[in-house]
Amino acid sequence: MTHTHAHSTTQARNSPAAEPGHGPAAGPGHGPVSRVPDTAVTVSTDGLPAWLDPVADAARSVRPQQLSRFLPPESGAGRQSAVLILFGEGERGPELLLMERAGTLRSHAGQPSFPGGALDPEDGDQTTTGPLRAALREAEEETGLDPRGVQLFGVLPRLYIPVSSFVVTPVLGWWREPSPVGVVDPAETARVFTVPVADLTDPENRATAVHPSGHSGPAFLVESALVWGFTAGVIDRIVHYAGWERPWDRTRQVPLDWRA
């Protein structure tokens, strides 16, 4: 599938977080030479479409505990990583970029997720602009998007994924200048797709995913995919704090198996 968005002007702010579940693509990608600007990557809300204002406002005020009960260890343990939560404008209005991880990966195989992965040394300071660069770099490596078309407009508090020990910084982006996207490396990514925000807020597409371990959390049945875990948790909280949430049946359950 192809699509596009974004231009970059951003400076790191607070390090934010997301919600429980499963998460970012691990490890550096193997895409072309990065087009992430060598100049300081900054965060700016200038020129955002009005419909993104609630998301930007929420990013400025939300606390880690409001996003997830899984927060980074106080010891500083965990592998630093970042994901790009990229909003664009499609044929059906506002939409979100997602990808499906390859079924052969060791971590979170086959799961829909945000583009993202572990910070590399060249990304820079992990407490400032490092997560911003990592989010853009990984998104480029995994989906082929041109990071120069992405405007970063917010950062959520850092979150933690216990199953893989990732400390994740969710980075918010506006796809200001869309570029084609698709699978870059089939060994890492099965497909790249966009989901209309209208589908994510449709009560008919919402459910509670239940794992045999006893863990349960929000899920979305969209674009022939079951989005659950970390990714669904973050989307759920964004939809909630942006004021987009519509009442849905929380008793509707989708069972997961042990391989999930």
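This is a working chat about a predicted model of one protein chain.

Reader: What does the secondary structure of the chain come to?

Author: The predicted model has 5 helices and 12 strands. Of the 260 residues in the chain, 57% are buried.

Reader: And what share of the contacts join residues at least 24 apart?

Author: Taking contacts between residues at least 6 apart in sequence, 78% join residues at least 24 apart.

Reader: Strand 7 next. How many of its residues are buried?

Author: Strand 7, residues 166-175, has 10 of its 10 residues buried. Phe-166, Val-168, Pro-170, Leu-172 and Trp-174 point one way from the strand, while Val-167, Thr-169, Val-171, Gly-173 and Trp-175 point the other way.

Reader: Does strand 1 run parallel or antiparallel to strand 7?

Author: Parallel, with 9 bridges joining the two. One of the bridge pairs puts Gln-80 against Val-167 of strand 7.

Reader: What about strand 5 and strand 7, parallel or antiparallel?

Author: Strand 5 (residues 150-155) pairs with strand 7 in the antiparallel sense, over 5 bridges. There, Val-155 is opposite Val-171. Strand 6 (residues 159-161) is also antiparallel to strand 7, over 3 bridges. Ile-161 is opposite Phe-166 in that pairing.

Reader: How many residues sit between the strands in the hairpin of strand 6 and strand 7?

Author: There are 4, and Ser-165 has a positive phi near 60 degrees in that hairpin.

Reader: Back to Leu-172. What is it in contact with, neighbours in sequence aside?

Author: Beyond four places in sequence, the contacts of Leu-172 include Val-55, Ala-59, Ile-85, Phe-87 and Ile-238. Leu-172 is also among the residues with the most contacts inside the largest nonpolar core, along with Val-55, Ile-85, Phe-87, Phe-153 and Leu-156.

Reader: How many residues does that core have?

Author: The largest nonpolar core has 38 residues. Helix 5 gives the largest share of this core, 6 residues. A second, separate core has 22 residues, among them Val-36, Leu-86, Leu-119 and Leu-132.

Reader: How do strand 10 and strand 11 pair?

Author: They are antiparallel over 3 bridges, strand 10 being residues 216-222. Leu-221 has Leu-226 of strand 11 as its bridge partner.

Reader: Changing topic. How many salt bridges?

Author: The count comes to 14. One of them joins the side chains of Arg-92 and Asp-199, at 2.8 Å from N to O. Arg-92 is in the loop between strand 1 and strand 2 (93-101) and Asp-199 is in helix 4 (residues 197-200), so the pair ties together parts that are 107 residues apart in sequence.

Reader: Is Arg-92 buried or exposed, and what about Asp-199?

Author: Arg-92 is exposed, at 53% relative accessibility. Asp-199 is buried, at 14%.

Reader: Which residue does Arg-137 form a salt bridge with?

Author: Asp-120, with the closest N and O atoms 3.4 Å apart. Arg-137 lies in helix 3 (residues 130-143) and Asp-120 in the loop between strand 4 (116-118) and helix 3, so that pair ties together parts 17 residues apart in sequence. Arg-137 and Asp-120 are both buried.

Reader: Which residues are linked in a network of salt bridges?

Author: Asp-120, Asp-123, Arg-137, Glu-138 and Glu-141.

Reader: Last one. Where is Thr-189 found, and is it buried or exposed?

Author: Thr-189 is in strand 8 (residues 189-196). Thr-189 is buried, at 2% relative accessibility. Its contacts beyond four places in sequence are Met-99, Glu-100, Ala-102, Glu-142 and Val-183.

Methods:
Residues are numbered from 1 along each chain as its sequence is written. This is a predicted model: local features need pLDDT of at least 70, side-chain atom pairs count only at pLDDT 80 or more; totals for chains, interfaces and linings use all residues. Side-chain values use heavy atoms; hydrogens and water are left out. Buried means under 20% relative accessible area, exposed over 50%, partly exposed in between (1.4 Å probe, protein chains only). Contact means heavy atoms within 4.5 Å. Two strands pair if DSSP finds at least two bridges between them. A nonpolar core is a set of buried Ala, Val, Leu, Ile, Met, Phe, Trp, Tyr and Cys residues joined through side-chain atoms within 4.5 Å. A salt bridge is a side-chain nitrogen of Lys or Arg within 4 Å of a carboxyl oxygen of Asp or Glu.
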